[in-house]
Amino acid sequence: MPGRPAIGPKVPINFPAGLLEDIETGASLAQLSRAAWIRHAAARALPEVFDGVLAPDDMFRFLNTAERGTDPDHEVDDATIRRLLTAADHGTLTIQPFTTEALATQTPAGRSQLSFVTRSFLADGAPVVLYQVAHGTITYRQPGEHDPGHHGGYTLYLDQAAARAWHQELREQFLPT
């Protein structure tokens, strides 16, 4: 048949008028079709998925790329890191389903997102819970600029209250009301 091949099954979705206008603005700024922008937004909203047992390299990369927060006493300590990496080395580290709370804001200049993720692992059959506070900003290319900007990072905590405090501080910084 002539035309573009189908991407997948068609899914009819009803949007409130204001949200649809925001989607069209976002799609225009990103220079995408409305459908492509919605597919990208849906994909970004999904959690990263580790399949089955975590490999040592995956766990090391996850732990090693975390930023340092404002409260090192409540962040993931060396003993927990060793425990997770040792279990990964032994092939006994698995990830459980996790929960994500995400907040996002978009303007003509860019997009900011802030997430609070509760991750549960089983290391040799014993649970380890980490609280991940992640933030990211994307600035769209403006007239006269060559490249858009992107920054993102995340901090890992063992203590939920400390993670919530950092999340609130970042919320005030990245998502002003």
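The secondary structure of the chain, in this predicted model, comprises five helices and five strands. Helices (H or I, at least four residues) and strands (E, at least two) are DSSP runs, numbered from the N terminus. From that end, the order of elements is α-α-α-α-β-β-β-β-β-α. Residues are numbered from 1 along each chain as its sequence is written, and side-chain values use heavy atoms, without hydrogens and water. Local features need pLDDT of at least 70 and side-chain atom pairs pLDDT 80 or more, while totals for chains, interfaces and linings use all residues.

The chain has 177 residues, and 29% of them are buried. Buried means under 20% relative accessible area, exposed over 50%, and partly exposed in between (1.4 Å probe, protein chains only). The chain exposes about 11,500 Å², an area from the Shrake-Rupley method with a 1.4 Å probe. Carbon and sulfur atoms supply 55% of this area. Contacts (heavy atoms within 4.5 Å) were also computed. Among those between residues at least 6 apart in sequence, 61% join residues at least 24 apart.

Strand 2 (residues 99-107) and strand 3 (residues 110-123) pair in the antiparallel sense over nine bridges. Two strands pair if DSSP finds at least two bridges between them. A102 has S115 in strand 3 as its bridge partner. Two residues lie between strand 2 and strand 3, which form a hairpin.

Helix 3 (residues 56-64) has M59, F62 and L63 as its buried residues. They lie on the same side of helix 3, because they cover an arc of only 95° around the axis. The arc is that of the directions from the helix axis to the C-beta atoms. D57 and N64 are exposed on the other side of helix 3.
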